[in-house]
Structures are given as structure tokens and as C-alpha cells.
Amino acid sequence: MKLKLLSTSLLLITIAGSICGCNSKEYDETYGYRIDEDLSEVEIIDDNYRNYYEIFVRSFADSDGDGIGDLNGVKEKLPYIKELGYTGIWLMPINTSPSYHKYDVENYYEIDPSYGSMEDFEELLDAAHDLDIKIIIDFVMNHSSKENELFIKAGEEYEKYLNNQTYDSSLYNMYSFYKDENEASSAKVTYYKYPGKNFYYEGNFSSDMPEFNFDSDYTKEYFKDLAKYYLDLGVDGFRLDATLYYYLNNNSKNIELLKEFNNYVKSINEDAYIVGECWSNSQTIKQYYTSGIDSFFYFPISITDPNSFIINSINRDGIYCENYFNGLIDMLNNCNEGISAPFLDNHDTSRFTRVSSKEKTKFFYGLLSMLNGTTFTYYGDEVGMTGAVKPDENVRIPIMWRENDEYNTKPLSGTSETNEYFYGSVEENIADDNSIYNYYKKANYLRNKFPSIARGENKLVKVDKDNGLLIIQKNYNNDDLYLAINFKEYNDNIIDVSSLNKQQVVGQLVVDINKYIGDKGDNKIIMPPYSIALLK
């Protein structure tokens with residue numbers, strides 16, 4: 001089954017894009033003939049290889065003017081998300097919670113009132129599905145809020161258990177409790193004394209976030225029932241928080257739990273998509289893929305990793321361009337036939353925007369968009385929002401739709417004001433053909449148009465370190481696509497396409513629309529700095 005993605009506004013893009021094999025009469029001494037655009041309607045394959053957009057609801061869009069983003073705000077911005085070319089949304093936690101971040105859930109079956117109601121959520125799901133956008137939600141089953149009624153009741157039952165009184169055999173060990181400090185200490189976890197009682201509980205993230213005990217069948221069944229509840233509502237899958245912490249320092253037990261959860265979810269909806277947070281090295285991530293979970297975020301590519309192959313591939317003006325291909329292959333080898341999930345930043349990392357170079361910011365995203373798998377983009381990156389941890393609030397700032405706009409939310413307390421909107425509002429970005437926004441939009445369009453980008457088998461065709469040039473062949477369903485990438489920051493590259501069986505340019509990404517990938521004649525194309533040509 002294929003889904004249509006309309007691209008009418010892409011016709012307004014001045015430069016960079018698909019071509020139909022013919023040349024316009026426009027000629028430039030440097031770049032030759034401009035290659036004609038073909039920005040026709042795209043057919044989206046309806047599978048789990050998608051472009052996901054991560055939203056922190058609190059800071060996204062405020063529909064009722066109270067200064068707090070809400071689900072109705074997200075619903076009203078769905079056309080914006082679709083227009084950008086995102087085909088999936090990951091909502092950060094939306095359940096009742098005493099904190100601003102909501103990773104400490106007070107009630108898993110309720111929507112936080114500041115975000116709206118369950119009815120609002122169902123309407124959002126329906127509206128997203130009408131636009132062929134899938135929605136996954138943050139599924140926080142490692143820990144809850146200490147204000148969660150489950151924790152309160154479980155504490156009461158565990159106290160009865162310790163006092164040899166009649167206790168609820170389902171609830172008493174739902175959380176990771178320890179009878180005394182010696183037992184807690186020997187478990188080698190972070191622990192706290194239960195308020196007003198003489199025993200302890202595990203809380204590796206915070207004293208406000210007590211951890212569940214998954215040696216309890218009752219706990220496992222509780223979260224299976226919860227998953228079914230949201231799948232039945234129409235949720236398309238889950239983002240699993242903190243998968244390394246279900247059993248601290250015990251990967252094998254974590255993987256077994258994930259395998260059981262995955263099998264259950266797929267028994268309800270075989271097409272449900274699950275992506276896990278396994279913040280670790282590539283070998284550990286590879287191990288976790290044996291659980292059968294569809295994807296795990298590939299942290300070795302993100303800005304948090306000093307060896308990120310996207311970041312390092314542009315070092316020394318392209319000399320290390322082969323790192324990009326090698327990193328791509330390593331990433332796929334570490335997926336155990338699952339779906340890779342590359343990303344550049346998220347709500348726990350500094351944003352990757354380079355305020356000193358709009359071109360570099362664009363190129364990083366262009367490189368991400370050409371990778372296999374399901375990509376994830378953090379809200380606001382498309383307009384170059386900035387911010388560095390810590391505190392985390394600095395990377396969870398409101399997106400600015402327009403100055404003094406009704407959908408702008410109020411900043412979180414403690415947020416820094418430095419360079420947060422270095423590249424301006426969404427409105428300004430949309431109006432600027434050379435903006436980061438319009439580059440993202442074009443990158444997503446090409447990714448949606450050519451299925452082999454996300455799904456194809458990869459082969460290194462050419463690497464020219466001196467000229468910072470890399471050519472990769474991708475094959476999907478016997479359809480070849482070539483990616484030619486110029487990693488040079490200031491220098492053009494000329495390619496003889498006759499070496500590629502006279503392949504024609506069918507798409508292009510340039511970081512400066514005053515330049516373009518052009519036809520120089522004699523089967524040669526010229527590529528400006530930080531450009532990507534797609535050839536068939």
C-alpha cells in the first residue's frame with residue numbers, strides 16, 4: 001500500500017531538486033546549465049521506514065492561550081508537519097505528571113490536564129491518520145512518579161509483607177523495594193528511604209521516580225494491558241524510555257523483557273512500530289536488537305558522541321569523507337536486520353545547530369536524510385533552534401511560530417535566552433527560500449520520493465579524499481540510485497557521470513540556493529560545496 005504526499009508548495013523552491021533529464025536554457029559560467037526540477041506528487045510506502053518528528057508538547061503549540069502547549073495545538077499544526085515531509089510523530093510523555101517533563105507518570109491512563117483530555121488525544125490521532133501521519137507515544141515503564149497511586153498502594157502492601165500481615169500478593173512487589181539499607185546497598189543501585197516507612201526503594205534517575213520490579217508478573221501484565229489500551233485507541237507504536245534500566249546492569253534480562261513486550265504488542269498490531277532508548281555503544285545496541293524491537297536510537301551518530309560519523313566525515317575539509325560510508329555500514333551491521341534509527345539530537349542532548357554556519361547545519365541534516373532506516377528529528381531543528389544541556393530546559397524551549405503569536409508558548413523557568421532563535425521564527429524561515437526550514441523540507445521530500453534511500457543496499461562506488469567526494473550506490477527492489485556527495489566546504493567538484501553509465505541527476509540538495517548542481521556538458525556535472533546529487 002502506498003500513501004500520497006502532496007508537494008505543491010515545493011514547486012516554490014527556487015533551486016535544488018529533482019530533474020527530468022532535460023536542461024533549461026538558463027546558463028551560468030560557473031555551474032553550467034541549470035538542471036530542470038521535477039517536484040511532482042510523491043507516493044509514500046506505508047511501512048515503518050519513516051521520517052519521525054519528536055514533539056515536546058509543552059513547548060510546541062498553545063491552542064488556548066494559557067502559555068502551555070497542548071494536544072489541540074499539535075493537531076492544528078499537523079499540516080505544518082506534513083508539509084515539512086514528516087510522516088510520523090513521536091510525542092514525549094503526555095500522561096498526568098507533577099513535573100514539567102512528565103517522565104514521572106502519576107496516572108498512565110490519563111492525559112495531563114495541561115495538555116488536554118483523552119478525547120483531545122483521540123481527535124489528534126484521527127486527524128494525524130487522515131494525513132497519513134503515524135503517532136507513537138513515549139512509553140515510560142521503567143519508573144513512575146512517587147505520587148502514582150500504584151507506588152502508594154504498593155508501599156502499603158510491602159509494609160504489611162514485612163510485618164507478616166496479610167498483603168496483596170500482586171501489588172507488594174510491583175516496585176523494586178528493599179527491606180533494609182544493607183539489602184538496598186548490596187543491589188548496587190541508587191536507593192532512597194520510602195517516605196514515612198522503614199524500607200527502601202530503587203530510584204536510579206531520581207528520588208521522585210521509583211523503579212518498577214519486572215520480576216513481578218503483575219508488573220509485566222500491567223504494562224501489557226496499558227500497551228493494548230493505547231493500541232486500541234489508535235496509537236501506532238511506542239518509544240520505550242530507559243531500556244537499560246529495567247534491570248540495572250543486566251542486559252540479558254532487559255532483552256528478555258523487551259522480547260516479551262515486543263511479542264505481545266505485535267500480537268495486538270503486527271504493524272506497530274517500537275523504538276527503544278538504549279543510550280550506549282554500538283555493540284550494546286546490536287545486542288538489544290536481538291529482542292526483536294524494531295529500532296533502537298543509534299546514539300553513536302548523535303551529537304553526544306565525539307566519534308559521530310556524520311560530524312567527523314566533514315572534518316579536515318572532506319579528507320575523512322569515507323567515514324560517512326563506513327559509519328553507515330557499521331550502523332546497519334549493528335541493527336541485526338532491524339530498522340536503524342539515526343538522529344542528530346533530542347530532548348536529552350544539546351541541539352546540533354551551528355550558529356556560526358547555516359551551511360554546515362543544513363549539510364548535517366542532508367547527510368542524516370540520506371541514511372538508511374527511520375530518521376528522528378527534534379522539533380525546532382528545522383528552524384535552527386539552539387540550546388545546550390544542562391539544564392535540560394535549555395533544549396526544551398518553545399518553538400517560535402511568529403513574534404507574539406497565539407501559538408507561542410511561555411518559556412520554562414530557568415531557560416537561557418542566549419541565541420535560542422538565532423535563525424528567526426518559523427514564519428521567517430518559511431518565507432526565506434534559503435532557510436534551514438526549506439532545506440529540511442527538500443531533504444525530506446527527496447527521502448520520501450526515493451525509497452532506496454531508507455531501504456536500499458549500499459555499495460561504495462568512489463571515494464576521493466583529496467577532493468572530498470563520495471559516491472554511494474543504493475539498490476532497492478532492483479532499482480539503483482547513486483548518491484554523490486561533495487564534502488568540501490568551499491570548493492566545487494566536477495563528476496564525469498559517464499563512469500556511472502551516464503546516470504542522470506534526479507534530485508539535488510544544495511546549502512546555498514545561489515548555487516546549483518549544473519550540467520557542464522560532455523557528461524559532466526558540477527557540484528557546489530556541501531552538496532548532494534541523486535542520480536539514476
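Which residue forms a salt bridge with Asp 392, and how far apart are the closest N and O atoms? The answer is in point 4, after some notes on the whole model.

1. Overall form. This is a predicted model. The protein contains 14 helices and 24 strands. Its radius of gyration is 25 Å, close to the 24 Å that the globule rule gives for 536 residues, so the protein is as compact as a globular protein of that length. Along the principal axes, the C-alpha atoms fill a box of roughly 90 × 45 × 45 Å. Of the 536 residues, 59% are buried.

2. A search of the whole structure gives 32 salt bridges. In one of them, the side chains of Glu 123 and Lys 75 meet, with 3.4 Å from N to O. Glu 123 belongs to helix H3 and Lys 75 to helix H1, which covers residues 71-76; the two are 48 residues apart, and the pair links distant parts of the chain. Glu 123 is partly exposed, at a relative accessible area of 33%. Lys 75 is also partly exposed, and its value is 25%.

3. A second pair of this kind. The side chains of Lys 465 and Glu 322 form a salt bridge with an N to O distance of 3.6 Å. Here the partners are 143 residues apart: Lys 465 sits in the loop between strand E17 (457-464) and strand E18 (469-476), while Glu 322 is in helix H10 (residues 322-333). Lys 465 has 41% relative accessibility and counts as partly exposed.

4. The pair from the opening question. Asp 392 forms its salt bridge with Arg 396, and the closest N and O atoms are 3.6 Å apart. Are these two residues buried or exposed? Both Arg 396 and Asp 392 are buried. Each therefore has under 20% relative accessible area, the cut-off for a buried residue.

5. A network. Salt bridges can also be followed through a group of residues. Asp 217, Lys 220, Glu 221, Lys 224 and Glu 260 are linked in a network of them.

6. Two cis peptide bonds. Most peptide bonds are trans. Which residues does a cis peptide bond with omega of about -5 degrees join? That bond joins Val 389 and Lys 390. Another cis peptide bond joins Lys 390 and Pro 391, with omega of about 0 degrees. Lys 390 is in the loop between strand E16 (375-378) and helix H12 (426-431). Pro 391 is found in the loop between E16 and H12 as well. A student checking the backbone can look at both bonds in turn.

7. Positive phi values. Most residues other than glycine have a negative phi. Asn 249 has a phi near 65 degrees, a positive value. Asn 249 lies in the loop between strand E13 (237-240) and helix H7 (251-268), and at 67% relative accessibility it counts as exposed. Asn 336 has a positive phi too, near 50 degrees. Asn 336 is placed in the loop between H10 and helix H11 (358-369). With a relative accessible area of 35%, Asn 336 is partly exposed.

8. A patch of negative charge. Which residues gather in a patch of negative charge on the surface? They are Glu 119, Glu 122, Asp 126 and Asp 130. Asp 126 is found in helix H3, which runs over residues 118-130.

9. A nonpolar patch. Tyr 161, Leu 162 and Tyr 167 make a nonpolar surface patch of about 240 Å². Tyr 161 lies in helix H4, residues 149-162. Its relative accessible area is 33%, and Tyr 161 is therefore partly exposed, since that label covers values between 20% and 50%.

10. A contact across the sequence. Leu 446 is found in helix H13, residues 436-449. Leu 446 is buried, with a relative accessible area of 0%. The C-alpha atoms of Leu 446 and Val 42 are separated by 9.1 Å, although these residues are 404 residues apart along the chain.

Definitions and conventions:
Residues are numbered from 1 along each chain as its sequence is written. This is a predicted model: local features need pLDDT of at least 70, side-chain atom pairs count only at pLDDT 80 or more; totals for chains, interfaces and linings use all residues. Side-chain values use heavy atoms; hydrogens and water are left out. Patches are made of residues with over 30% relative accessible area and no salt bridge: like charges are joined within 9 Å, nonpolar side chains (Val, Leu, Ile, Met, Phe, Trp, Tyr) within 5 Å. Accessible areas come from the Shrake-Rupley method with a 1.4 Å probe; for residues, only the protein chains shown count as cover. A salt bridge is a side-chain nitrogen of Lys or Arg within 4 Å of a carboxyl oxygen of Asp or Glu. Lys and Arg count as positive and Asp and Glu as negative; His and the chain ends are not counted. The place of a charge is taken as NZ of Lys, CZ of Arg, CG of Asp or CD of Glu. Helices (H or I, at least four residues) and strands (E, at least two) are DSSP runs, numbered from the N terminus. The radius of gyration is taken over C-alpha atoms; the globule rule is 2.2 Å times the number of residues to the power 0.38. Buried means under 20% relative accessible area, exposed over 50%, partly exposed in between (1.4 Å probe, protein chains only).
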